[in-house]
Every structure is written in structure tokens, then in C-alpha cells.
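Q: Can we walk through this one together? I'd like to start with the charged side chains.

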Amino acid sequence: MTWDPLAVPAQDGRTAVITGGNAGIGYHVAEQLARAGAHVVLAGRNAQRTRTALAALRASVPGASAAEVRLDLADLHSVRHTAEQLAAAGPVDILVNNAGVTSSGQRAETAQGFELMFGTNHLGHFALTLLLAPALGPDARVVSLGSLTHARARLDFDDLQSRDGYRSMAVYGRSKLAVLLFAAELDRRLRAEGSTVRSVAAHPGWAVEGLTPARPPLWEPGPFAVLRSAPLALLAQGKDRGAWPVVRAATDPDAVGGQYFGPRGPGSLKGPPAVQVTAGSAHDRVAAARLWAVSEELTGIAWAA
């Protein structure tokens, strides 16, 4: 179908939870869903930044239905507490697993001792999704955020915590491969149970802050940031447009469970959102099933949908 990112299908009556909704792509996903009529819940670790994002959203979308909740994906106690809050508030129709650590420099760990990027980007969202599964609406979407970096990644099940030869960007790519394996395995499990919930994935292409429109008081680009980013416009886009594939994954009525959305332009770096194909490593069903089992063991949370 022809998709217009500026004419998102009406989302009135639907509740969308966006992790990392207090900054960057997550904020713009929340803004675009709110503009389409959804009640959006910004889930963020930093309470002050989340309140600032909420103010920016309400200024950009007058009359928006929006709320905030504290969520630290690097702490499973926080994940469990937040999942209980969200479930108590009523059905969740859209869960956007967006938040993540993109680079941690030196190796760091979560509250439970997992490597920070694997523990946050994958295990935190794995736990949140499984805990929220009973609260998902009958036509719910779970949208997982991938990255182009997954194409060069391979999982090492003997060193999932990246204790040997730590390289930040390689670890990030592995965490995003784990995210995509999880999204595919979740869809298979939902289909096997006859569920109408859809698990889909998306990536933003190359989205940079300097090409992103101002959203005071959350984001106000200075002249130097704009000048530095201007040459990138040939290949990159702002985070508002980086949100487009995510919003399409969350709202396209024709989206099929297991699909992957990203920018349509050269290299999948920028452009309107379109259906794409993940790298071969993300299609490994054996690895996906093994990762799921390991993730249940590490988090102590089992699939019970």
C-alpha cells in the first residue's frame, strides 16, 4: 500500500507505551501517535527529562492525551514495578520497545550484573514484554527497534555478557540482533497460540539530532549543531523522520506479524518507511529459540501468554 507518514491512521481509543519516549526517536514516535489520537505513555528512566518531554509533546500536539511512567530497563526490579503499573491502568494496544544504550564506551553492567547493552536493549525489553503480555489488547502491536548494525553481528552464546575482547559497537550490534531474534520468536509464539497480537520490528535508518526540528524545551538545536549536520542531509534524516518506520509498524492496518520496516532510500538510511528484510542471522530459528530460553533463565520471567 502507499503509506503517507503525515497521515497516520486514526488511533483514537488506543493506548501506546513508548520506552525511551522522553528523547530522540522515542519522543517523535510518541508525538506522531498522539497526533493520530492515541493515548501515549512516555516511559523513561530520567523523571525530569520525561516531564520535559511531556511538556514539549503537549505544546506540539494541543489536547494530546499523554502520561508518564518511570522505567529503568537496566534494572529488572524497575521493569517489574512499571509493568505492574501499566497493566493496572488498562489494556496496552501498542508497545514500542524503543529505549536503548547505543554505546557504553568501556564495559558496564546493569543492576543485575548483565552487560549493559545486552541487558538493557534486549533483556529489559524481553522482561517488559513478557510481563505485559496478559495486559495487551486483542489487536495489540509489539514493535521492537532494530538497527542496521545487526547485519554484521553474530551471537556468541558462550559469551553473551561480552566479557572477552569488549568492543562497544560490536556489542551494540549483537544486542540489536538479539532484539530482532526476539521479535521474530515472539511472533512465532503468538501465531502458534492463535493470538491476534502482532510482533513487528523497525529501524530508523541514519537519524541525527542536528537534522531534527526543535521541540522546546526538550530539544533546541544551536546554530553550530545545524551547520555541522547540514552536510549529512544527503544520507541522513532527522529523528522525527527516523520515527516514521516505527509508527508505520505500530499503525499500518496491513502490517503482518514478523515484518520489518525501515527507510526506503539508498542504503535504507533515509526516506519514507517501507517493508524490508532483516539480515540472514536474524532468521536463525534455532538461535532465536535458544536466546529465548536463555533470556527466560537470566530474567527469571517465563512466557505465559
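Predicted model: local features only at pLDDT ≥ 70, side-chain atom pairs only at ≥ 80, totals over all residues.

Q: What does Glu31 pair with in a salt bridge?
A: Arg35. Their side chains meet at 3.4 Å, N to O.

Q: How far apart are Glu31 and Arg35 along helix H1?
A: Four residues, so about one helical turn separates them. Helix H1 covers residues 24-35.

Q: And Arg35, what is its relative accessible area?
A: Arg35 has 47%, so it counts as partly exposed. Glu31, its partner, is buried.

Q: How many salt bridges does the structure hold?
A: Eight. Another one joins Arg189 and Glu185, at 3.1 Å, N to O.

Q: Where do Arg189 and Glu185 lie?
A: Both are in helix H5, residues 168-192. They sit four residues apart, about one turn of the helix.

Q: What about Arg107 and Glu109?
A: Their side chains form a salt bridge too, 2.9 Å from N to O. Arg107 is partly exposed at 27%. Glu109 is also partly exposed, at 42%.

Q: New topic: Asn121. Where is it?
A: In helix H4, residues 116-132.

Q: Why does Asn121 count as buried?
A: Because its relative accessibility is 2%, and buried means under 20%.

Q: Which backbone nitrogen lies 2.8 Å from a polar atom of the Asn121 side chain?
A: That of Val101.

Q: What else does Asn121 touch?
A: Leaving out residues up to four places away in sequence, its contacts include Ala99, Gly100, Tyr172, Ser175 and Val179.

Q: Now Ser78. Which helix is it in?
A: Helix H3, residues 76-89. Ser78 is buried, with a relative accessible area of 10%.

Q: What lies 2.9 Å from a polar atom of its side chain?
A: The backbone nitrogen of Asp72. Beyond neighbours within four places in sequence, Ser78 is in contact with Arg70, Leu71 and Asp72.

Q: Last one, the surface. Which residues form a nonpolar patch?
A: Trp206, Leu234 and Leu235, with about 340 Å² of accessible area together.

Q: Where is Leu234?
A: In the loop between helix H6 (223-229) and strand S8 (237-238). Leu234 is exposed, at 75% relative accessibility.

Terms used: Residues numbered from 1 in each chain as written. Heavy atoms only, no water. Helix = DSSP H or I, 4+ residues; strand = E, 2+ residues; numbered from the N terminus. Buried < 20%, exposed > 50% of the residue type's maximum accessible area, 1.4 Å probe, protein only. Polar contact = N/O pair within 3.5 Å; in protein donor to acceptor, adjacent residues only side chain to side chain. Contact = heavy atoms within 4.5 Å. Patch = residues over 30% accessible without salt bridge, like charges linked within 9 Å, V, L, I, M, F, W, Y side chains within 5 Å. Areas by Shrake-Rupley, 256 points an atom, 1.4 Å probe, with all protein chains shown as cover. Salt bridge = Lys/Arg side-chain N within 4 Å of Asp/Glu carboxyl O.
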